[in-house]
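User: I am new to this structure and would like a short tour of it. Could we start with the overall picture?

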Amino acid sequence: MTAKEYLSNLRHLDARIAQKRGELNDLRKSAASIGGMDYSTVRVQTSPAGNASYTDAVHRMAELEDEINAEIAAFTAEKHKIIAEIQALKNPVYVEILYKRYVEYKRLEAIAVELNYSYDHVRRAHGWALQEFERCHTMPHSPVVK
């Protein structure tokens, strides 16, 4: 795994959390909406038919919230680890570029403007910073995101 792939895992974890949060919001909306009822098929029952229709949705929401919380914990731990690894580099410009690119998710163009460097210089320095990161840190072979 390259340094770029390793550092990009943080963004992938963040995207998975955002997608699950969206799914949870959709479930909440659908559980809160009232569906119509077909009265032509209504019949009297003498015993309950089982769980109410919303219990499956509530159960799935609880499971999804647990998944989201677990992924947030993993994301926070991974983010802290990556920040520490970036900050271990000796060159402060490399630290700044990698932090802005892989922790703040900024484009190289925006980083160039913020640091008052040309885009070409930031692009080259980004490549050098990735090489330095690989030299300083042993890259894991298995990806964080499965």
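**Contacts and packing**

Analyst: Among contacts in the protein (heavy atoms within 4.5 Å) between residues at least 6 apart in sequence, 75% join residues at least 24 apart. This is a predicted model, in which local features need pLDDT of at least 70 and side-chain atom pairs count only at pLDDT 80 or more, while totals for chains, interfaces and linings use all residues. Residues are numbered from 1 along each chain as its sequence is written, and side-chain values use heavy atoms, with hydrogens and water left out.

User: How many helices and strands are there?

Analyst: The protein has 5 helices and 0 strands. These are DSSP runs numbered from the N terminus, with helices being H or I of at least four residues and strands E of at least two.

User: What share of the residues is buried?

Analyst: Of the 146 residues, 29% count as buried, meaning under 20% relative accessible area with a 1.4 Å probe, protein chains only.

User: Which residues touch the most other members of the largest nonpolar core?

Analyst: They are Leu7, Ile82, Ile86, Leu89, Leu98, Leu130 and Phe133, in a core of 19 residues. A nonpolar core is a set of buried Ala, Val, Leu, Ile, Met, Phe, Trp, Tyr and Cys residues joined through side-chain atoms within 4.5 Å. Two or more residues each come from helix 1 (3–32), helix 2 (54–87), helix 3 and helix 5. Helix 1 gives the largest share, 6 residues.

User: What does leucine 7 touch?

Analyst: Leaving aside residues up to four places away in sequence, leucine 7 touches Ile82, Ile86, Leu98, Tyr102, Leu130 and Phe133. There is also a second, separate core of 7 residues, with Ile97, Leu108, Leu115 and Ala125 among them.

User: Changing topic, how do helix 3 and helix 5 cross?

Analyst: The axes of helix 3 (residues 92–102) and helix 5 (residues 119–136) come within 9 Å and cross at roughly 95°. Axes are lines fitted to C-alpha atoms over the stretch in contact, and angles run from 0 to 180 degrees between N-to-C directions. The two helices are therefore roughly perpendicular, a term for angles of 65 to 115 degrees.

User: And which residues of helix 1 meet helix 5?

Analyst: Ala3, Lys4, Tyr6 and Leu7 in helix 1 meet Leu130, Phe133 and Glu134 in helix 5. The residues of this contact divide into 5 nonpolar, no polar and 2 charged. Here Ala, Val, Leu, Ile, Met, Phe, Trp, Tyr, Cys and Pro count as nonpolar, Asp, Glu, Lys and Arg as charged, and the others, Gly among them, as polar.

Conventions:
Angles under 35 degrees count as roughly parallel, over 145 as roughly antiparallel, 65 to 115 as roughly perpendicular and the rest as oblique. Buried means under 20% relative accessible area, exposed over 50%, partly exposed in between (1.4 Å probe, protein chains only).
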